2 protein chains.
Amino acid sequence: MPSNPIPRPTESELLILRALWRLGPSTVRQVVEELGADTGYTTALKLLQIMTEKGLVTRDDSARTHVFTPAVPETTTQRQLVDDLLERAFGGSAQKLVLHALAGRKPSAAEVSELRRLLDTLEGK
Amino acid sequence: MPSNPIPRPTESELLILRALWRLGPSTVRQVVEELGADTGYTTALKLLQIMTEKGLVTRDDSARTHVFTPAVPETTTQRQLVDDLLERAFGGSAQKLVLHALAGRKPSAAEVSELRRLLDTLEGK
DNA sequence: TGACATCTACGAAAGAATTCGTATTTAAGG
DNA sequence: CCTTAAATACGAATTCTTTCGTAGATGTCA
């Protein structure tokens with residue numbers, strides 16, 4: 001039974017979710033291979049079991065080898081994590097967060113254009 | 001002796017750091033009052049002791065009542081946390097993070113202008 | 001069928017983070 | 001002095017997260 005609302009994934013859970021977002025529905029073994037040699041099989045299995053309880057993934061156990069599917073969209077989770085950091089570290093100022101995220105980096109021209117378009121939209125033109 | 005490099009603050013440690021950034025050098029009691037009734041005195045003291053060991057704060061114990069000062073700048077820590085989230089949730093794409101941070105929000109005209117200036121700078125022209 | 005590989009379930013160990021009780025020290029006021 | 005208030009130190013309980021050993025079930029194939 002998933003708790004409402006679905007909790008923020010822990011660090012390890014996020015690693016697994018990212019693998020599932022890349023792979024789509026997958027078995028434990030596929031997830032472990034995607035993650036590389038640093039994750040033990042039973043560790044990943046246990047995490048997936050916990051994540052199923054939390055509602056972060058769903059499990060199809062109709063076959064002997066279960067298949068896990070992300071139950072939360074990548075963008076929703078990303079939004080959740082950004083909002084969380086925004087509150088905890090920036091007192092809710094998206095402005096400051098964005099300045100930090102962009103400062104000292106080199107987005108491509110296309111990315112800059114996209115950001116400009118977003119700013120246009122936000123200005124309500 | 002602070003470990004190198006200074007570790008990312010935990011959730012509780014960040015709360016305390018934020019209080020110290022607002023207050024400047026402070027005693028345990030001042031920090032506890034700033035945080036409100038949900039933080040016990042000895043809890044805050046213990047955290048500040050741990051944070052001193054980690055190098056997140058410095059302690060002046062020349063007087064009976066010790067005075068704690070943040071040893072990491074707010075902006076540096078914010079950058080550190082953004083970079084961390086960038087890696088863990090966005091695979092390093094600052095672009096996606098920024099879109100999430102801004103989407104669905106309503107920055108002021110002045111903020112939008114500031115962001116435009118930043119984009120100009122990033123374009124390097 | 002029998003041996004072997006693979007899978008899930010489960011609990012517990014290990015580690016990290018948080019909270020708090022209690023002891024001890026120190027300062028202040030009568 | 002003596003009492004009381006306020007501070008630090010310290011360890012331990014608690015909770016959350018992560019990892020892993022082991023048991024049991026199930027499929028595979030010679």
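Reader: Which helices each supply at least two residues of the surface near DNA strand D?
Author: The answer rests on a predicted model. By class, the surface near DNA strand D comprises three nonpolar, nine polar and six charged residues. Both chains contribute helices that each supply at least two of its residues: from chain B, helix H2 (28-35) and helix H3 (41-54), and from chain A, helix H1 (11-23) and helix H3 (41-54).

Reader: Which of the 18 residues around DNA strand D come nearest?
Author: Among the helices that each supply at least two residues of this surface are helix H1 (11-23) and helix H3 (41-54) of chain A. Out of the 18 residues around DNA strand D, those that come nearest are A:Thr10, A:Ser12, A:Gly40, A:Lys46 and B:His66.

Reader: Is B:Thr42 buried or exposed?
Author: B:Thr42 has its place in helix H3 of chain B. Its C-alpha atom is separated by 9.8 Å from that of B:Arg29, 13 residues apart along the chain. Because B:Thr42 has 10 C-beta neighbours inside 10 Å, and the limit is 12 or fewer, this residue counts as exposed.

Reader: What is the radius of gyration of chain A?
Author: Chain A contains six helices and two strands, in the sequence order α-α-α-β-β-α-α-α. The globule rule gives 14 Å for 125 residues, and chain A lies well over that value, so it is more spread out than a compact globule: its radius of gyration is 18 Å.

Reader: What percentage of the 125 residues in chain A is buried?
Author: The C-alpha trace of chain A spans about 55 × 30 × 25 Å along its principal axes. Among contacts between residues at least 6 apart in sequence, those joining residues at least 24 apart make up 48%. Buried residues, of the 125 in chain A, make up 26%.

Reader: What arc do the buried residues of helix H2 of chain A cover around the axis?
Author: The buried residues of this helix, residues 28-35, are A:Val28, A:Val31 and A:Val32. They lie on the same side of H2(A), because the arc they cover around the axis is only 100°.

Reader: Which helices are included in what covers the buried residues of H2(A)?
Author: An α-helix has 3.6 residues a turn, so residues three or four places apart point the same way. In H2(A), the buried residues are A:Val28, A:Val31 and A:Val32. The elements that cover these buried residues include, from chain A, H1 and H3.

Reader: How many nonpolar residues does the side of chain B that touches chain A have?
Author: The contact takes 31 residues from each of chain A and chain B. On the side of chain B, the elements giving two or more residues are helix H1 (11-23), H4, H5 and helix H6 (109-123). By class, this side has three polar and nine charged residues, while the number of nonpolar residues is 19.

Reader: With which residues is A:Leu102 in contact, leaving aside its neighbours within four places in sequence?
Author: A:Leu102 belongs to helix H5 of chain A. With 23 other C-beta atoms within 10 Å, where 20 or more are required, A:Leu102 is buried. Leaving aside its neighbours within four places in sequence, A:Leu102 is in contact with B:Ala94, B:Val98, B:Leu118 and B:Leu122.

Reader: Is A:Arg64 buried or exposed?
Author: A:Arg64 sits in the loop between strand E1 (57-60) and strand E2 (67-70) of chain A. Its C-alpha atom and that of A:Thr77, 13 residues apart along the chain, are separated by 30 Å. Because A:Arg64 has 5 C-beta neighbours inside 10 Å, it counts as exposed.

Definitions and conventions: Residues numbered from 1 in each chain as written. Chains lettered and ligands numbered in written order. Predicted model: local features only at pLDDT ≥ 70, side-chain atom pairs only at ≥ 80, totals over all residues. Near = placed C-beta within 6 Å. Helix = DSSP H or I, 4+ residues; strand = E, 2+ residues; numbered from the N terminus. Nonpolar A, V, L, I, M, F, W, Y, C, P; charged D, E, K, R; others polar. Contact = placed C-beta atoms within 7 Å. Arc of directions from axis to C-beta. Rg over C-alpha atoms; globule rule 2.2 N^0.38 Å.
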